[in-house]
Amino acid sequence: MLDHIIIGQYVPGHSKVHRLDPRAKLICLMLFMVFLFVSRHPLSIGVALLIAVLAFGLANVPLTFYLRGMRFIAIIIIFTFLLHLFMTKEGPVLFTTPIVTIYLGGVLEGVLVGVRLLLLVIMASLLTLTTTPVDLTDGMESLMLPLKKVGMPTHELAFMISIALRFIPTLLEEAMKIIKAQMARGANFTQGSIWKRVKAFVPVLVPLFVQSLNRAEDLAIAMESRGYEGGEGRTKFRILYWKRMDTIALVILTLYSMTAIFTRFLM
Amino acid sequence: MNKDIVRIHNLSFQYRPNEPYVLTDINLTIKEREWITIVGHNGSGKSSLAKFLNALFIPDEDGEVYIYGLNTKERQNQGKVRKLVAMVFQNPDNQLVAPTVEDDVAFGLENTGVPREEMIERVKESIKIMGLEGFEKQEPHRLSGGQKQRVAIAGVIAMKPKVVVLDEATSMLDPVGRKEVMEYIRRVHNDVNMTVIMITHDLNEALFSDRIIVMKEGKILKDAPPIEVLRDEELLKKSLLKPTFEFEVQSKLKEKGINLFEISPQITNQKELVDALCTWKQKM
């Protein structure tokens, strides 16, 4: 029943993109996202497209993995495309119907926004497809480190995320068990109106919640007995290596950012 | 013999005032390198006693717990005590913290600030002792119950404690997992020279120990070598413990007038039982 929930979409591999430092990947994605929305000029959109194609090609992740997450996104992309198509009233009129008039500006704007969203989704899924959740948390913790100076509990945040990731499969397993136990008592999760089905899940969620609290307490005792005292004075087992490939990736994205700024504001 | 490493004096404990005592007047010493099994029925206080051993519980009133001479009442000793006495708990799912096996083994070392080079060494070593090579990158939820408990034990011995306390560490496992974990606990005791304190309600697991401590309603009923405890039917009945299969066969036969004890004074496993039965048959 819950089999179709994919936890962490990571696809194992050894491609150049897989081996990039998660910090590099995160910064690159951030730059890409910001400057993609600055880009209007065909040149900078072209560069963005090139980068996406390059990353996509290097990552070597089968297309089906992208498509799996795309169905919902596709609706949004089509919707925004249509919205821009009908709402923009610029440029020469292409054709007129009794209901709407389509302008050339509308088509261009629609395509632009559509392409932007598509590239964004591709790059974002590329990150989760090629990086293990553990590496991602490590990368985030490391990037958030400067914020520690202003009192942000960076270690605690990263640690919380990593514990949550560790327990998702365990909790799913438990949810399955409870669902089966409730089904054995006559609960019905697959019939009736949506409201009825949602209500049928209450007897699953309550024991799951209680169990999670018990687990949390056990875990706290186990952690304490293993000497956990927060982030102070802690050493790290996993460390991240910044390699030449990471610098290259960063340089490429910086060049793209400059192109985007230049074509948008200076041309 | 070896020196005393755990000394408990007049320990009494209740969770809240006006509630019945969980432990009453416990006196106990444990020597280095011993294998102790604490057995008792549910609510006998055995798990509470265990939590005093690594300063998770602190004695109030006049009771005292000394670990390697350190009084757990003093705050500055508590960190040291937890380094000396490590604990493995019942539920394998609730004590693995990290997303992969090697990260989890390293968790305790990270907490105590061990330098990374040494950490890698020690993680590797512990993984080898617990026979988990090849599972380093595995996620905990893909392991069997027995394997998870082995990971938990590996994480504990990586910290090089002197004493390992196993608080019902096998009670949630299937028989195969139990056997597997017991095998590795023996290894930890024999090869790594650790003092093992096992808490269980299964007498089968107590056979390997040097001493069995039988508890009931917060009191120690008996503190003796396994054979003596297992043979004491009166005691087992009183403490609501199920005798091991071999001893049950012996006592049932005794009721029928067949005394296997005369043939072989030491029957602890099935092979010895079968041998004794064969000898008896030949004598007929």
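B:Glu110 and A:Arg234 form a salt bridge in this predicted model, with their closest N and O atoms 3.1 Å apart. A salt bridge here is a side-chain nitrogen of Lys or Arg within 4 Å of a carboxyl oxygen of Asp or Glu. The rule finds 4 salt bridges across the interface of chain B and chain A. Helix H3 (101–111) and helix H4 (116–129) of chain B are the elements that give two or more residues to the side touching chain A. Helices are DSSP runs (H or I, at least four residues), numbered from the N terminus. H3(B) brings the largest share, 10 residues.

That side of chain B divides by residue class as follows.

| Class | Residues on the chain B side |
|---|---|
| Nonpolar | 17 residues |
| Polar | 11 residues |

Ala, Val, Leu, Ile, Met, Phe, Trp, Tyr, Cys and Pro count as nonpolar; Asp, Glu, Lys and Arg as charged; the others, Gly among them, as polar.

The contact (heavy atoms within 4.5 Å) takes 28 residues from chain A and 35 residues from chain B. Chain B and chain A bury about 2900 Å² between them, and carbon and sulfur atoms give 53% of this. Buried area is the accessible area (1.4 Å probe) lost on putting two parts together, summed over both. B:Asn94, B:Val97 and B:Arg116 supply 22% of what chain B buries against chain A, more than any other three residues.

Residues are numbered from 1 along each chain as its sequence is written, and chains are lettered from A in the order in which they are written. Local features need pLDDT of at least 70, side-chain atom pairs count only at pLDDT 80 or more, and totals for chains, interfaces and linings use all residues; side-chain values use heavy atoms, without hydrogens and water.
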